[in-house]
Amino acid sequence: MHRLTRRSVSAILRTGGGARYRNCAAPISCSVPIFDSVGEGESRSRWYSVLLPKRSDTVKSLSQVQHLKDTLFLGKRYESTSAASDASATPPAERYEYQAEVSRLMDLIVNSLYSNKEVFLRELISNASDALDKLRFLSVTQPDLLKGGVELDIRIQTDKENGIVTITDTGIGMTQQELVDCLGTIAQSGTAKFLKALKDSKDAGGDNNLIGQFGVGFYSAFLVCDRVVVSTKSPKSDKQYVWEGEANASSYTIREETDPEKLLPIGTCLTLHLKRDDKGFAHPERIQKLVKNYSQFVSFPIYTWQEKGFTKEVEVDEDPAETKKDGQDEQPEKKKTKTVVEKYWDWELTNETQPIWLRNPKEVTTEEYNEFYKKTFNEYLDPLASSHFTTEGEVEFRSILYVPAIAPMGKDDIVNPKTKNIRLYVKRVFISDDFDGELFPRYLSFVKGVVDSNDLPLNVSREILQESRIVRIMRKRLVRKAFDMILGISMSENKDDYDKFWENFGKHLKLGCIEDRENHKRIAPLLRFFSSQSVDELISLDEYVENMKPEQKDIYYMAADSVTSARNTPFLERLLEKDLEVLFLVDPIDEVAIQNLKAYKEKNFVDISKEDLDLGDKNEEKDKEIKQEFGQTCDWIKKRLGDKVASVQISNRLSSSPCVLVSGKFGWSANMERLMKAQTAGDTSSLDFMRGRRVFEINPEHPIIRNLNTACKSNPNDEDAQKAIDLLYDAALVSSGFTPENPAQLGGKIYEMMDIALSGKWSTPIEAQHPGAISNNTETVEAEVVEPVEAGSQK
């Protein structure tokens, strides 16, 4: 506790205080005593503790509230009446010139090269925290530094009307020489490196948000200030000094503080005189919000000066006419009261000094993890899983990761990694949640959590994150932990949990098959698909492998737009007869994902809609006989189809269909061709090339193919046979999932064949003839002459 008079109170309110800066040789800070001014002209002062007792319990009445207003100096502003009389006694301030680099830096900051002005408060609070850390460290060997019961804390007060923010800490201060060395030169501040990095970033087209990276956090104050006053008292010196600088100025001043009313026992007070456009930062609510966002987990308590209130009952006057009712005697009644809210100002603890990720995981309950998740990420459902871990070794960091219960509603796309789901802290100071895949790949962008590292600089830029070896190591370990967490969900006894996960985030993992080859072994066991033997429930690749036939060497799959289309495709006929299971890939991304996986547990993925399908039942002698019998027919059909197909072959995958159109071994499947056509920027030249690789396969056991084989040998030029080939190709095009080039022409062919097939089936012989046609079998019928007979005759 410290005793200061009312004049001291007024002086502190005018000059404010200071804070310690990371670029300084020695940290700075200041204590915040609570004073009681008892009257105009009185010399006595009352003493208060730095941390007030439970004020909500002590405030019982309106008089107490009024007394609280009068006694707390930070709750009201005071005007000094002794400034003029003491001016002559104040020693003159010494003026110093900034080094050229510092002047350039000030110019850059004042001209708003930095997009996020909010970082100034984070930087200054971090400096104050460093000052407190250093004081606490030095007090181990020098206990006298903490004599008098100094509380280690940070206090922030705002003056909304005048646009002033005061940041006070009770850490260690600076001497006069340290002020010169640290705030006016580049010897220790790293300003030259900062300017070089700024120039490189600007030339590279990157962002310029580099404050704090090279220990120039103090200068971030000029993002929002016209003038900054630093009042600091170091235990190394018996004197207190005031540093004052203005934006756009090439010099600053340092003077000794001789006014006994303004002297501080230890620490720093930083007074920020905000620019006209930035006076919104002087609102108590905004300061409190910034502290909670950026500095919530600073290890020292941060108090902000906030308006509060409490309710009380007060008497109200009643209408005399209503006090007495007809037919009743006058009786004393209780007076009516109403509830009112009394306002007062008090310090409010704004931050949590113990982050949940610094606690022992064994001591944290599931409810606490879920509550932290909901509060941090504004969620209303509990997460599906969480992972709390600490990584040590060449890189040390702590983290808590979560898997959400549901996907975001329409605002976050799978290809957009900027979801603000990962909050990066450096030494418990919030740095950013705006990343572009530096900490997590975009296919895992749905994972939410916090990461706290002591090895990264504050406010690292995106370029630094991309180039940092530390970040690369962090990324690997975070991804590994995320997969372990998802695997735990898949192995849970509650199968519904993973069904929910797959419904919401299955596409993300499939995207991972395409983008992250290094983690294929972690992604593959998590994939789920429908199959020919499981059309209602999704199965894993492990389940498929377990159900494979002993002689089966490959994993078969079929890409289609729906399960129904896949079940009815002609490609499945022979595989179903052999009881071979086929995966159904019904999502647009499935086929590309499987093609990137290539194999699983030494089993290759095979598309049953492509040529050279090997089902393991080849009979070379039988195949040779069939080729000899139908070889001429294949050539005949190929000649008729021309460039529509690459070749015509005998099929080993058909049992009931006459033919099928398969893709080339390295061509697009029907599903892929449909997807590529849907691309607005699709390459039509590649589409034409890949379409030319189609192979027309015929079933030699089907009656239609046998009839065509006969026609090929007896009358290959027959027009009806040629039309049958065309119609057969068009039918195979549709049944194989391809889109006809001329649907109207195909429809005309079908109508013509229907006309031939249905002609005369339900009509009489006369109706069956075409209009105007003359029958060649018409017989001449002679007319019979009948003689007239008289009425009544019996002839």
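Helices here are DSSP runs of at least four residues, numbered from the N terminus. The model is predicted.

**Confidence first.** Colour by pLDDT. The chain averages 77, and 72% of its residues reach 70 or more. Strand 17 (residues 528–531) has the highest mean, 95, and strand 2 (residues 45–48) the lowest, 35. Now select residues 771–781: pLDDT stays under 50 there, with 1 contact beyond four places in sequence. Where pLDDT is low, the predicted coordinates should not be read in detail.

**Helix 20 and helix 23.** Select residues 620–641 and 703–714. Their axes come within 9 Å and cross at roughly 80°. Angles of 65 to 115 degrees count as roughly perpendicular, so helix 20 is roughly perpendicular to helix 23. Show side chains: on helix 20, Phe630 and Trp636 are among the contact residues, and on helix 23, Ile705 and Leu708 are among them. The contact has 6 nonpolar, 3 polar and 3 charged residues.

**Salt bridges.** The structure holds 25. Go to glutamate 515 and arginine 442, paired at 2.3 Å, N to O. Glutamate 515 sits in helix 14 and arginine 442 in the loop between strands 15 and 16, so the pair ties together parts 73 residues apart in sequence.

Next, select arginine 694 and glutamate 673, which meet at 2.6 Å, N to O. Arginine 694 is in the loop between helix 22 and strand 25, and glutamate 673 is in helix 21.

Last, take lysine 723 in helix 24 and glutamate 752 in helix 25. Their side chains meet at 3.3 Å, N to O. Lysine 723 is partly exposed, at 34%, and glutamate 752 is partly exposed, at 37%.

Note on methods: Residues numbered from 1 in each chain as written. Heavy atoms only, no water. Axes fitted to C-alpha atoms, helices over the stretch in contact; angles between N-to-C directions. Helix = DSSP H or I, 4+ residues; strand = E, 2+ residues; numbered from the N terminus. Parallel < 35°, antiparallel > 145°, perpendicular 65-115°, else oblique. Contact = heavy atoms within 4.5 Å. Nonpolar A, V, L, I, M, F, W, Y, C, P; charged D, E, K, R; others polar. pLDDT = per-residue confidence, 0-100. Salt bridge = Lys/Arg side-chain N within 4 Å of Asp/Glu carboxyl O. Buried < 20%, exposed > 50% of the residue type's maximum accessible area, 1.4 Å probe, protein only.
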